[in-house]
Amino acid sequence: MKWEDNVRKVVPYIAGEQPKEKNIIKLNTNECPYPPAPGVKKLAEELDCDAMRLYPDSNSTPLAEALAEYYHVKPGQVFVGVGSDDVLAMAFMTFFNSDKPILFPDVTYSFYDVWADLYRIPYQTCALDENWKLRPEDYEQPNGGIIFPNPNAPTGVLESIGTVERIIAANRDVVVIVDEAYIDFGGVSALPLIEKYDNLLVVQTFSKSRAMAGMRIGYCIGNEKLIAYLNDVKFSFNSYTMNRPSQLLGVEAVRDDAYFKEITSKIVATRERVKKELKELGFSFTDSKTNFLFATHERIPAQEIFQALRAAGIYVRYWNKPRISNHLRITIGTEEQMDSLLAFLKQYIAEH
Ligand code: PMP
């Protein structure tokens with residue numbers, strides 16, 4: 001068919017499964033197992049029809065202001081989007097327009113190469129070392145921009161702020177995006193560096209540490225000039241990206257810092273306990289600083305464990321991809337969910 005010659009053909013990103021069955025244990029997409037802050041639920045119940053009838057604030061002003069206050073930056077340094085995926089997609093389009101390749105790790109968030117292909121951005125991947133660490137020297141070659149998550153996904157590995165700064169400092173002529181989707185589970189954010197480096201964009205999300213994946217709230221913080229360029233692209237695309245309820249409920253989440261700290265420290269405590277127990281079952285894993293573990297078993301192939309867990313109604317994530325095909329990514333759930341996982345694995349491993 002002739003018209004097909006003019007179609008933008010892409011191989012889409014494949015998100016983790018959202019199973020329809022009830023009573024499953026869902027540890028496959030790094031959602032938070034706890035509810036959002038109580039104030040979020042209360043306001044959700046009180047929302048009136050105007051929250052639906054009227055167009056939203058096209059700058060998400062109240063939410064951008066709340067985030068600016070929380071992170072001690074100016075509102076003009078904050079850009080809000082529909083999940084960090086939206087923020088990242090806009091940032092790729094805005095900042096990665098060179099003929100030189102952008103750089104990112106070989107094992108990383110599998111959306112980066114999809115956006116690069118979608119926007120026809122040349123890219124080159126840099127191999128992580130045998131401990132899944134970045135090799136900063138790989139990012140000291142001519143390039144059109146850099147992006148990496150810190151901590152990385154799906155490895156869970158945190159890079160020191162020294163390594164992050166070394167990469168930014170060596171690349172002052174391009175934009176460096178640090179994707180901090182998992183920074184709230186024990187990492188040190190690169191945010192203070194935005195004062196020093198006008199080429200740094202830090203991206204974060206409400207999906208994991210603020211328990212609001214379903215509301216689709218993401219944001220980035222950087223120099224005002226970077227944010228102005230992002231807004232130009234966003235307003236050339238769709239003025240009203242974030243809906244009114246998400247903006248209002250997001251503000252409530254930011255206000256309750258005590259709850260945010262409570263749930264993130266609960267997840268960290270569960271993670272550390274589960275590490276010990278999985279080790280006893282013959283698993284090894286990176287020292288994850290995220291809300292998931294990246295684990296491999298000494299004897300049983302990851303794919304087999306993945307399938308057995310799935311058949312038992314416990315969903316984790318598995319990729320049949322180079323370097324990671326013998327690993328499972330297991331989201332940290334509640335204590336009870338992790339007990340069920342561990343009980344199943346204990347029995348399964350004893351029998352295999
Ligand atoms: N970055 C990384 C590294 C992620 O793992 C995810 C979650 N899939 C995202 C960004 C996007 O998350 P969200 O769009 O829900 O903010």
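Leu 118 sits in helix 5 (residues 112-118), where helices (H or I, at least four residues) and strands (E, at least two) are DSSP runs numbered from the N terminus. This is a predicted model, so local features need pLDDT of at least 70 and side-chain atom pairs count only at pLDDT 80 or more, while totals for chains, interfaces and linings use all residues. Residues are numbered from 1 along each chain as its sequence is written, and side-chain values use heavy atoms, with hydrogens and water left out.

**Ligand site**

- Which residues surround the ligand? They are Gly 83, Ser 84, Asp 85, Leu 88, Tyr 109, Asp 179, Ala 181, Tyr 182, Thr 205, Ser 207, Lys 208 and Arg 216, where a residue is near a molecule if one of its heavy atoms lies within 4 Å of it.
- By type, this shell splits into four nonpolar, four polar and four charged residues. Here Ala, Val, Leu, Ile, Met, Phe, Trp, Tyr, Cys and Pro count as nonpolar, Asp, Glu, Lys and Arg as charged, and the others, Gly among them, as polar.
- Helix 4 (residues 83-95) gives the most to the shell, with four residues.
- Arg 216 has a side-chain N or O atom 2.8 Å from an oxygen atom of the ligand.
- Asp 85 comes in through its backbone: one of its backbone N or O atoms is 3.0 Å from a ligand oxygen atom.
- Tyr 109 has a polar side-chain atom 3.2 Å from a nitrogen atom of the ligand.
- On its own the ligand has 410 Å² of accessible area, and the protein covers 91% of that. Accessible areas come from the Shrake-Rupley method with a 1.4 Å probe; for residues, only the protein chains shown count as cover.
- The ligand takes up the space of the largest pocket. A pocket, on a 1 Å grid over the protein atoms alone, is an open set of points where a 1.4 Å probe fits, with protein on both sides within 12 Å along at least five of seven lines. A molecule sits in one if more than half of its atoms lie within 2 Å of its grid points.

**Cis peptide bonds**

- The bond from Asn 150 to Pro 151 is cis, with omega near -5°. Pro 151 is in the loop between strand 5 (146-149) and helix 6 (161-169).
- Another cis bond runs from Ala 153 to Pro 154, with omega near 5°. Pro 154 also belongs to the loop between strand 5 and helix 6.

- Asn 30 has phi near 60°, a positive value in a residue other than glycine. You'll find Asn 30 in the loop between strand 1 (25-26) and helix 1 (38-46).
- Is Asn 30 buried or exposed? Asn 30 counts as buried because its relative accessibility is 1%, the cut-offs being under 20% relative accessible area for buried, over 50% for exposed and partly exposed in between (1.4 Å probe, protein chains only).
- Arg 323 has phi near 75°, again a positive value in a residue other than glycine. Arg 323 is in the loop between strand 12 (317-318) and strand 13 (328-331), and at 37% relative accessibility it counts as partly exposed.

**Residues in helices**

- Leu 118 is partly exposed, because its relative accessible area is 28%. Leu 118 and Gly 144 are 26 residues apart in sequence, with 16 Å from C-alpha to C-alpha.
- Lys 275 is in helix 9 (residues 257-280) and, at 7% relative accessibility, counts as buried.
- The Lys 275 side chain makes a polar contact with the side chain of Glu 272 (3.0 Å). Such a contact is a pair of N or O atoms within 3.5 Å; within protein, one must be able to donate a hydrogen and the other to accept it, and residues adjacent in sequence count only if both atoms are side-chain atoms.
- Glu 336 belongs to helix 11 (residues 335-351) and counts as exposed, at 56% relative accessibility. How many residues separate Glu 336 and Ile 25 along the chain? The two are 311 residues apart, yet their C-alpha atoms are separated by 10.0 Å.

**Residues in loops**

- Phe 206 is in the loop between strand 7 (200-205) and strand 8 (218-222). Phe 206 is buried, because its relative accessible area is 0%.
- Ala 170 is in the loop between helix 6 and strand 6 (176-179), and at 39% relative accessibility it counts as partly exposed.
- Ala 170 and Leu 278, 108 residues apart in sequence, are 39 Å apart in space, C-alpha to C-alpha.

Definitions and conventions. On a 1 Å grid over the protein atoms alone, a cavity is a set of points where a 1.4 Å probe fits but cannot get out, and a pocket is an open set with protein on both sides within 12 Å along at least five of seven lines; lining residues have an atom within 4 Å of a point.
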